[in-house]
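Student: Hi! I have a structure open on my screen and would like to talk it through. Could you help me read it?
Tutor: Happy to, let's take a look together.

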Amino acid sequence: MTTALRDLIANPNAAELELIARYGMLPEDARRERAFEAFAKGGLPHRRVEGWHWTDFKAALPVIETPAETGVAADPLPTEGALVFSFTPTGFTWPEDLPEGIRVLAKPEAQAFGASEDMPLGALAAALAGGKTKPGTLMIEVTGQDLPRLHFRFSGDGEANFARVQIILRPGAKLAISESYLGGAGFTASLMEYSLQAGAEFSRTVYQRAGKAEVLAATAAVQLDEGADYRQTTLAFGSKLSRLETRVTHQETGAKATLNAAYLCAAGHHADITTEVRHGAPACVTRQLTKGAVLDGGRGVYQGKFFVPRNVGQKTDADMQHNALLLEEGAEVFAKPELEIYADDVECAHGNTSGALDANQMFYMRQRGIAEEEARALLTEAFIAEALEETGELEDVLREQARAWLAR
Amino acid sequence: MLKIENLTATVGEAEEAKQIINGLTLEVPAGEVHAIMGPNGAGKSTLSYVLTGRSGYEVTGGSATLNGDDILEMDPEERAAKGMFLSFQYPVEIPGVPVMTFVRTAMNSQRKLRGEDEISAPDFIKKSREIAKQLKLDAEMLKRPVNVGFSGGEKKRLEIYQMMMLEPRFLILDETDSGLDIDALKTVAEGVNAMRSPERGMLVITHYQRLLDYIKPDKVHVLAAGRIVKTGGPDLAHRLEAEGYDGVLGEAV
């Protein structure tokens with residue numbers, strides 16, 4: 001390792017040194033370099049960095065190593081009829097036959113990542129995706145409408161798993177994708193970039209489940225053109241530390257974004273749902289519903305921000321709701337809903353609640369003979385269900401996963 | 001059947017605890033319907049919660065047994081499995097849980113606790129259909145979340161629906177007449193009367209005599225300050241209605 005590389009991060013820990021070493025082994029590439037420098041400026045984000053206070057990667061990731069006991073989860077999302085793209089710590093597989101309307105390019109080099117300063121772990125994924133067996137950027141261009149779902153799977157034992165995917169939907173294109181983050185690697189970082197051109201429709205379902213040893217940063221950057229419709233649903237069970245971050249930019253009139261999520265955290269599991277939506281064009285709509293339920297020793301983090309600039313964000317219609325259930329003593333939920341609005345002709349609302357299950361409801365159910373644990377599970381499932389309703393064919397699968405977790 | 005002896009109970013936590021039940025003794029034999037009447041604050045609802053095991057209500061003395069089983073040591077769901085059913089004065093809304101799912105879960109949980117097999121889906125649906133018809137309940141209503149958006153009368157009818165589905169051995173009806181118009185009251189009373197049987201006991205808690213015109217009790221007890229202060233036949237309810245609690249109790253105590 002050269003001295004110059006070593007100095008990129010101030011006071012690096014062993015994990016950061018390993019990241020620098022990995023970067024040094026990749027072929028030189030000016031875009032990769034810019035992305036890595038953007039990450040290196042602050043290194044792994046930690047509690048003293050705004051937006052990372054409750055989700056401290058530097059503390060959770062002292063070294064990068066294959067977990068002694070991995071929590072690789074089975075993938076519950078059906079793959080029959082879907083096109084599966086699989087990223088593991090050491091390799092990448094993708095379907096050979098692609099239908100018309102989808103074009104896939106596995107590029108060895110990195111692509112420019114404009115928002116790297118705002119998303120340090122997205123920048124890290126952009127810098128470190130690639131190598132001998134994996135693409136630097138997986139680029140997918142979609143022109144069709146009646147297409148199979150694309151499924152992206154991130155799993156497998158190993159030290160680290162980095163991936164970067166760009167999907168561009170041409171005007172009027174329609175696509176549904178799903179992403180499963182199933183653990184196995186000590187550190188997984190992905191950068192997903194979705195660009196919806198005029199009138200495109202896109203549905204994204206994210207399933208995340210891993211053990212108490214894995215650290216994950218899944219970053220998505222979404223850009224919406226005129227009248228585009230973006231729908232996202234996340235079900236996260238957390239891991240040692242998991243952050244699922246989505247940044248949406250409404251960049252032309254009349255775009256619509258729906259961002260729903262449910263998180264269920266047991267002891268030793270941390271799930272962070274962070275979103276930022278920028279209403280950079282008039283008359284765009286955002287609907288966001290996040291529901292969480294946490295057990296003793298589990299930790300949920302919700303950070304949501306709507307940003308509406310004065311000159312471009314008029315007629316914005318946006319609603320943000322976060323509701324959390326603390327199922328036991330010792331459960332922790334941290335929430336930071338933010339509306340930053342400079343335009344004056346907008347409709348923006350938000351609500352944020354957290355509390356225990358209703359004692360009246362619990363007694364009513366138990367009086368009818370429903371055992372305490374079952375009553376708790378039924379009430380919790382009902383509580384989070386609304387956040388999973390937009391997933392179409394995958395709703396039942398997600399509900400089943402949530403139910404199984406609640407019935408454990 | 002239900003035997004309560006010298007029961008004392010408090011409501012509230014630690015230092016805030018207030019004694020509401022003060023040495024209550026009462027026996028309801030199988031096959032009988034007993035009414036409990038009493039002024040506000042006498043402990044009527046408290047008695048129903050103590051018997052069904054609501055948290056926040058602590059038994060400090062005495063005993064309560066159902067067919068010889070000490071129910072006071074049991075969890076609420078175990079008491080339910082033993083056959084205790086409380087028709088709530090204020091039925092609780094359960095958003096997101098459809099009535100059918102709720103009742104089927106309750107029924108199977110009870111059966112599991114009793115070591116019985118689950119009810120089959122067709123049997124459950126058949127039974128539900130018959131009972132809904134009897135209570136003039138719309139089938140659509142049973143697909144909606146429990147009590148959510150239901151009128152007062154619909155909620156009470158749904159309590160009776162659940163009762164008829166679960167076939168408990170002992171029923172406590174807590175102010176079932178409140179919030180009901182006369183037609184709904186009749187329907188509810190018909191449901192309750194259909195449940196009367198030699199193996200089943202009922203405790204009907206009510207403020208007014210009106211309900212007892214439709215559900216005829218074998219005995220009427222007057223509860224005041226946490227104790228049964230007077231017991232009589234159905235005519236006692238009429239006297240209370242005519243003379244008021246002060247009038248009737250003034251002579252007795």
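Student: Let me start with a lysine: is B:Lys143 buried or exposed?
Tutor: B:Lys143 counts as exposed, because its relative accessibility is 56%. Buried means under 20% relative accessible area, exposed over 50%, and partly exposed in between, with a 1.4 Å probe and protein chains only.

Student: And what does the B:Lys143 side chain meet?
Tutor: The side chain of B:Glu140, in a salt bridge with N to O at 3.3 Å. A salt bridge here is a side-chain nitrogen of Lys or Arg within 4 Å of a carboxyl oxygen of Asp or Glu. B:Glu140 itself is partly exposed, at 46% relative accessible area.

Student: What should I know about the model before going on?
Tutor: It is a predicted model: local features need pLDDT of at least 70, side-chain atom pairs count only at pLDDT 80 or more, and totals for chains, interfaces and linings use all residues. Residues are numbered from 1 along each chain as its sequence is written, chains are lettered from A and ligands numbered from 1 in the order in which they are written, and side-chain values use heavy atoms, leaving out hydrogens and water.

Student: How many salt bridges are there over all chains?
Tutor: A search of the whole structure gives 34. One of them joins A:Arg103 and A:Glu141, with the closest N and O atoms 3.0 Å apart. That pair links distant parts of the chain, 38 residues apart: A:Arg103 is in strand S3 (102-107) of chain A and A:Glu141 in strand S4 (137-142) of chain A. Helices (H or I, at least four residues) and strands (E, at least two) are DSSP runs, numbered from the N terminus.

Student: Switching topic: why is helix H5 of chain A largely enclosed?
Tutor: Nine of the nine residues of H5(A), residues 120-128, are buried, so the rest of the structure largely encloses this helix. The cover over its buried residues includes helices H2 (14-25), H3 (30-40) and H4 (57-60) and strands S5 (150-169), S6 (174-196) and S8 (215-224) of chain A. Just after H5(A), A:Gly130 takes a positive phi of about 115°.

Student: Now the interface: how many residues of chain A are in contact with chain B?
Tutor: In chain A, 16 residues are in contact with 30 residues of chain B, where contact means heavy atoms within 4.5 Å. A:Phe363, A:Tyr364 and A:Arg368 supply 39% of the area that chain A buries against chain B, more than any other three residues.

Student: What's the total buried area between chain A and chain B?
Tutor: About 1900 Å², with carbon and sulfur atoms giving 63%. Buried area is the accessible area (1.4 Å probe) that two parts lose on being put together, summed over both.

Student: How many salt bridges are counted between chain A and chain B?
Tutor: Three. A:Arg366 and B:Glu77 meet in a salt bridge at 2.6 Å, N to O. Helices H6 (359-367) and H7 (372-385) of chain A each supply at least two residues of the side that touches chain B, and H6(A) gives the largest share, seven residues.
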